[in-house]
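This briefing describes the fold of a single protein chain and a few of its residues. Please keep the sequence and the model at hand while reading.

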Amino acid sequence: MPTPPDADARRAVAPVICYPTDTLPKPDMALYGKVREGMIKVSEIIAEPREAACFEVPAGYVFRISSIEGPQVGDLNLWNAHDLGERFYSGKTRALHGTHVTTGERMWSSLPTLRPMATIIHDTLDWYGIDAFGGSVHDVIGTRCDPYTGNLLQGGHYHHCCHSNLTRALAEHLNIPLREAEPHIHDVMNVFMCTGFTRDTGQYFMKASPVRPGDHIDLFAEIDLLGALSACPGGDCGSEHTSDVAPCHPLKIEVFAPPPDVLKDWTSPDTNAYDRTHGR
Ligand SMILES: [Zn+2]
């Protein structure tokens, strides 16, 4: 189409933030700081390379995901431990907090509950910011690598994409068939993954994660959680995924109990207050 004469003026219109967050309830970071100071480790589990692991975190507890042997990206799913219908809503989290999340930001649940499931209370990669390519860490843009997209683009049947790893782990944890577990797998938070959009073509890109062994992210469980974490076959996601090509490393998940009494006045967030009458 011909470029209209006022094209530059139209392009020069300043953007507005879709969802200003000034009215979002603010997380009580001082309280979470006290939880972190005195928390006591109760369990740990390893997500082996190109596999996933499930873990449960009671409300008020903290879970930590750590890089342990080498740079590695993790694909994280979260559910309400008592209702798998309430699960992490990557799209709305992205709308509220932007393309990447860090300390003080939250993982929100699906409609109609739309409430904080977990709050990031510590992130050793919070220094990274946004790099010269527009890349940043802890992506909530991506979906999860899956064998269907792999089949569409490359053909073949690769079985260790995060989607399959998460499906197997959930099926095993709940002792249900794979076909029953698979629909519960949802778009993830890509822990430690460094991504962005190219300026010229607007394409989704990834680059080698800046994570190093010892780096970790701590999340406070706002409700009773069931989690699943896959150590992505993409490794540090610096080259490719949906294959066994990239070097892969395990990820450690630790669960910590809060110190006694710190949370005595704290309660889990309520489900969303919208009346659900939808105009009828
Ligand atoms: Zn993956």
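The model is a predicted one. The protein chain contains six helices and 13 strands. Its radius of gyration is 20 Å, close to the 19 Å that the globule rule gives for 280 residues, so the chain is as compact as a globular protein of that length.

**Overall build**

- The C-alpha trace of the protein chain spans about 65 × 45 × 45 Å along its principal axes.
- Of the 280 residues in the protein chain, 40% count as buried.
- Among contacts in the protein chain with a separation of 6 or more, 73% are between residues 24 or more positions apart.

**The six-stranded sheet**

- Six strands form an open sheet in the order β1-β13-β3-β11-β7-β6, and their pairing is antiparallel.
- The edges are held by β1 (40-47) and β6 (106-108); each has a single partner strand, so one side of each is left without a neighbour in the sheet.
- On average, neighbouring strands of this sheet are turned by 25° against each other, direction ignored.
- Strand β1 runs antiparallel to β13 (residues 251-257), and seven bridges join the two.
- Ala47 stands opposite Leu251, a residue of β13.

- Ser66 is buried because 21 other C-beta atoms lie within 10 Å, the threshold for burial being 20 or more.
- Not counting residues up to four places away in sequence, Ser66 touches His216, Leu251 and Lys252.
- Ser66 and Ile217 are 151 residues apart in sequence, yet their C-alpha atoms are 6.7 Å apart in space.

**Arg94, a helix residue**

- Arg94 is located in helix α3 (residues 90-97).
- Arg94 has 19 other C-beta atoms within 10 Å and is therefore partly exposed, since a buried residue needs 20 or more.
- The residues that Arg94 touches are Thr99, Val140 and Ile141, not counting those up to four places away in sequence.
- The C-alpha atoms of Arg94 and Asp139 are separated by 8.9 Å, although the two residues are 45 residues apart along the chain.

**Backbone features to inspect**

- Leu111 and Pro112 are joined by a cis peptide bond, with omega about 5°.
- Asp261 is a residue other than glycine with a positive phi, near 75°.
- Asp261 sits in the segment after β13 and counts as exposed, with 9 C-beta neighbours inside 10 Å.
- Arg276 is not a glycine either, and its phi is positive at about 65°.
- Arg276 is likewise found in the segment after β13, and with 9 other C-beta atoms within 10 Å it is exposed. The exposed class takes residues with 12 or fewer such atoms.

Note on methods:
Residues are numbered from 1 along each chain as its sequence is written. This is a predicted model: local features need pLDDT of at least 70, side-chain atom pairs count only at pLDDT 80 or more; totals for chains, interfaces and linings use all residues. Helices (H or I, at least four residues) and strands (E, at least two) are DSSP runs, numbered from the N terminus. The radius of gyration is taken over C-alpha atoms; the globule rule is 2.2 Å times the number of residues to the power 0.38. Two residues are in contact if their C-beta atoms, placed from the backbone, lie within 7 Å. Two strands pair if DSSP finds at least two bridges between them. Axes are lines fitted to C-alpha atoms, for helices over the stretch in contact, and angles run from 0 to 180 degrees between N-to-C directions.
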